[in-house]
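Please look at the sequence and the model below before reading on.

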Amino acid sequence: MLYLNDNFKIIKLQNTDVGLDLNRGQYFIINDVAKFILNAINSKKILNKKQIVVELLDQYSIDEETIEKDVDEFLNTMIDKGWINEKV
């Protein structure tokens, strides 16, 4: 199961969606796909990587291999930064 850590928030900054690391004071702009993934994880609608891939396949005209690769890269970055955790 994926979940957002308490030190990570999604906020609006001048009409732009931003991911904010409260511990480090770091922020970054998030695109629509990242926002979808993070909001779905935060709302507990999506619990694992496979569900993310299925949802994105339904919404975008991109092949499954590309989506899986991009989702893996995104989730690994978020996990490495300590913004997302994964419970087994």
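## Pocket and helix packing

In this predicted model, H3 supplies the largest share of the lining of the largest pocket, namely four residues. The volume of this pocket is about 230 Å³, and its lining is made up of 14 residues, among which Asn31, Val33, Ala34, Ile37 and Asp70 lie nearest the centre. The elements that each give two or more residues to this lining are strand S4 (26-29), helix H1 (32-42) and H3. Sorted by class, the lining of the largest pocket holds twelve nonpolar residues, one polar residue and one charged residue.

| Helix pair | Angle between axes | Axis distance | Crossing |
|---|---|---|---|
| H1 and H2 | about 135° | 11 Å | right-handed |
| H1 and H3 | about 60° | 12 Å | right-handed |
| H2 and H3 | roughly 130° | within 10 Å | right-handed |

For the pair H1 and H2, the axes are 11 Å apart and the packing angle is about 135°, which means that H1 is oblique to H2. On the side of H1, the contact is made by Val33, Phe36, Ile37 and Ile41, while H2 brings Ile52, Glu55, Leu56 and Gln59. The residues of this contact of H1 with H2 divide into six nonpolar, one polar and one charged.

For the pair H1 and H3, the axes lie 12 Å apart at an angle of about 60°, and therefore H1 is oblique to H3. Here Ala34, Ile37, Leu38 and Ile41 of H1 meet Phe74, Leu75 and Met78 of H3. By class, the contact of H1 with H3 has seven nonpolar residues, with no polar and no charged ones.

For the last pair, helix H2 (residues 49-59) and helix H3 (residues 64-80) have axes that come within 10 Å and cross at roughly 130°, so H2 is oblique to H3. From H2, the residues Lys49, Lys50, Ile52, Val53, Leu56 and Leu57 meet Glu64, Ile67, Glu68, Val71, Asp72 and Leu75 of H3. In this contact of H2 with H3 there are seven nonpolar and five charged residues, and no polar ones.

Some residues return in several of these descriptions.

Conventions: Residues numbered from 1 in each chain as written. Predicted model: local features only at pLDDT ≥ 70, side-chain atom pairs only at ≥ 80, totals over all residues. Heavy atoms only, no water. Axes fitted to C-alpha atoms, helices over the stretch in contact; angles between N-to-C directions. Parallel < 35°, antiparallel > 145°, perpendicular 65-115°, else oblique. Left-handed = near helix turned anticlockwise from the far one by under 90°. Contact = heavy atoms within 4.5 Å. Nonpolar A, V, L, I, M, F, W, Y, C, P; charged D, E, K, R; others polar. 1 Å grid on protein atoms, 1.4 Å probe; cavity = no way out; pocket = protein on both sides within 12 Å on 5 of 7 lines; lining within 4 Å. Points joined across faces, edges and corners; volume = space filled by probe spheres on them.
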